[in-house]
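Here is a quick tour for anyone meeting this structure for the first time. Keep the 3D view open and follow along.

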Amino acid sequence: MGKVVGFEMNSQEPEKAAKFYAEVFGWKVHEPSWDYWPVTTDENTESNHLQGGISKGPHDYPHGTRVQIEVNSIDHSLSNAVANGAMVLREKMEFDDFYLAYLVDPTGIGIGLIENK
């Protein structure tokens with residue numbers, strides 16, 4: 001079963017967004033990498049809160065929030081999603097510890113898929 005494990009907030013002004021969420025909600029914003037500012041939303045590092053961040057929104061998703069769903073196989077999940085009416089925005093990308101892909105469900109909701117290595 002896919003589990004929601006994170007969120008990504010897209011903005012064309014990510015520095016301004018990061019400052020807003022830090023000041024209004026007390027989120028700790030970490031140094032960016034790849035135009036992505038990781039955030040900590042809970043001081044208790046032992047809790048099971050969602051991980052997330054703020055990023056410079058790409059041309060295909062300039063504003064909005066996407067949840068990230070952990071799957072066992074991105075390849076299988078993408079194939080299944082497409083067969084059920086989804087559109088792939090970004091094919092499987094490789095990062096140090098995980099793979100990531102983006103899609104839009106048949107109703108227009110954007111989501112990310114994460115497969116841990």
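Predicted model: local features only at pLDDT ≥ 70, side-chain atom pairs only at ≥ 80, totals over all residues.

Two residues are in contact when they have heavy atoms within 4.5 Å.

Let's start with the strands. There is an open sheet of eight strands, in the order 2-3-4-1-5-8-7-6, and its pairing is mixed.

At the strand 6 end, strand 6 pairs with strand 7 through five bridges, in the antiparallel sense. If you want a spot to look at, find M93, which stands opposite L100 in strand 7.

## Around strand 8

Now move along to strand 8, residues 110–116. How many of its seven residues are buried? Six are, so to speak tucked away, and the strand is mostly covered.

Strand 8 has a partner in strand 7 (residues 98–104), running antiparallel and joined by seven bridges. Y102 has G112 as its bridge partner there. The two strands form a hairpin with five residues between them, and in the turn G108 has a positive phi of about 100 degrees. Strand 5 (residues 64–70) is joined to strand 8 as well, by four bridges, and this pair runs parallel. Here V67 has I111 as its bridge partner in strand 8.

Strand 5 also holds Q68. Is Q68 buried or exposed? Buried means under 20% relative accessible area, and Q68 comes in at 9%, so it counts as buried. Its contacts, not counting residues up to four places away in sequence, are K3, V4, V5, G6, F7, E8, G112 and I114.

## Helix 1

Helix 1 covers residues 14–25, which makes 12 residues. From first C-alpha to last it reaches 16 Å, close to the 16 Å expected at 1.5 Å a residue. Its buried residues are P14, A17, A18 and Y21. Looking down the helix axis, you'd find these buried residues within an arc of 100 degrees, so they line one face of helix 1. The face turned away from that buried side carries the exposed residues E15, K16, K19 and E23.

What do the buried residues of helix 1 pack against? They pack against strand 1 (3–11), strand 2 (28–29), strand 3 (36–40) and strand 4 (51–56). Helix 1 lies across these strands, running at about 145 degrees to strand 4. Just after the helix comes G26, with a positive phi of about 75 degrees.

## Helix 2

In helix 2, the buried residues are I74, S77, L78 and A81. They take up an arc of only 100 degrees around the axis, which puts them on the same side of the helix. H76 and A83 are exposed, on the face turned away from the buried side of helix 2.

Strand 6, strand 7 and strand 8 are among the elements covering the buried residues of helix 2. Just after this helix, G85 takes a positive phi of about 100 degrees.

## The nonpolar cores

Which residues make up the largest nonpolar core? There are 11 in all: I69, V71, I74, L78, A81, A86, Y99, A101, L103, I111 and L113. Helix 2 (74–83), strand 7 and strand 8 are the elements that give two or more residues to this core. Apart from it lies another core, of eight residues, including M9, W27, V39 and I54.

One last stop. Most residues other than glycine have a negative phi. W34 is not a glycine, yet it has a positive phi of about 55 degrees, and D35, also not a glycine, has a positive phi of about 60 degrees. W34 is in the loop between strand 2 and strand 3, and D35 lies in that loop too.

How open are they? W34 counts as exposed because its relative accessibility is 64%. D35, at 48% relative accessibility, counts as partly exposed.

Conventions. Residues numbered from 1 in each chain as written. Heavy atoms only, no water. Buried < 20%, exposed > 50% of the residue type's maximum accessible area, 1.4 Å probe, protein only. Pairing = 2+ DSSP bridges. Expected span 1.5 Å × (residues − 1). Arc of directions from axis to C-beta. Core = buried A, V, L, I, M, F, W, Y, C linked by side-chain atoms within 4.5 Å. Axes fitted to C-alpha atoms, helices over the stretch in contact; angles between N-to-C directions.
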